[in-house]
Amino acid sequence: MPHSDATAPTLTRPPQAAPARALDDLLAAMRAHGGLPSVGHTLSRLTRLLESDDDAVQVLADVILSDVALTQRLLKIANTIPYRAGPQSVTTVTRAIMLLGFDQVRVTAMSVVLVEGLLGDRVGELRDEFHQSLLAGSLARELLAGREAEEAAIAAMFRGVGRLLVAVFAPQVQAAIRTACVNDKLTESAAARRVLGKSYDELTEQVLRDWSVPDRIVSAVQPLPARMDGASSAGERVRVAAQFAESVAAALAPRPLVKLDDVLARFSGALAVTHESLLPMLERAGARNREFEAAFGLAPGPCPVAQFQNSVPGAT
């Protein structure tokens, strides 16, 4: 898997540049980074496994084996204490899939692809953005069951793709978007559209379609109305869970632009999640993330439980 080049081109114009020009520069910087097509191809193959159950384990193994770095990382994770059963080392991808579980391996593989293929050597510098996406994916899995939980986890992680791309290839634009949010009291979507000409959601959709990610995942990534009163179909449940998880992760970020109470109020009609029921979900999601971080050699991200306790007066 190609690594992001620490010297990859970024925008050189000031944040006050016209949105159309800022967007053109961002897209040009992304095109100049030769690894993105490979990242997109791998993510597309992994998500398309949702559409078929035939020989899925072997297909998943083949996708992983086609990428040497991904294979090495997955075997390292499978051999960590939380996963390994018994004294024997895990030496094959098929054994890793059997040990960790098909769904776990697929979601873990996507996380590895995002870390190594997109962030590369800048993962330490951009750890807050990555940990936000990682927490969103882990929390989404706590909200649903079965295949819906897996799809929600994937969609929650993918919702952060646009933000991650701007952080990697246009850090000054990201800073300008944040400044507009704070100074002009804009939503992140409105601020991104003002500065960049596209919201993060619109950029994410464009990139996922360029990567040929299945429509069911692209649909699940789509932004929701300001308030949801219910989710009756499987697709709606996945979409709501993904966006709720991403919104909670954003509210628990080191420098949040949204408040946790506002997130819970917004989704109260669609999800029966309270402060009390959210806490154990965050504990499980945080534990899962720590296992991934340790196996991947990443510095631990902010503890979501501690962030939750800081954001909710009197929480224990």
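Buried means under 20% relative accessible area, exposed over 50%, and partly exposed in between, with a 1.4 Å probe and protein chains only. The legends below describe a predicted model, where local features need pLDDT of at least 70, side-chain atom pairs count only at pLDDT 80 or more, and totals for chains, interfaces and linings use all residues. Residues are numbered from 1 along each chain as its sequence is written, and side-chain values use heavy atoms, leaving out hydrogens and water.

View 1. Ser212 sits in the loop between H12 and helix H13 (215-221); helices are DSSP runs of H or I with at least four residues, numbered from the N terminus. The phi of Ser212 is near 60°, a positive value in a residue other than glycine. Most residues other than glycine have a negative phi.

**View 2. Lys185, in the loop between H10 and H11.** Here, too, is a positive phi in a residue other than glycine, near 55° for Lys185. Lys185 counts as exposed because its relative accessibility is 71%.

**View 3. His131 and its contacts.** Look for His131 in helix H7. With 9% relative accessibility, His131 counts as buried. Leaving aside residues up to four places away in sequence, His131 touches Glu293, Ala299, Pro300 and Gly301, where contact means heavy atoms within 4.5 Å.

Methods
Helix = DSSP H or I, 4+ residues; strand = E, 2+ residues; numbered from the N terminus.
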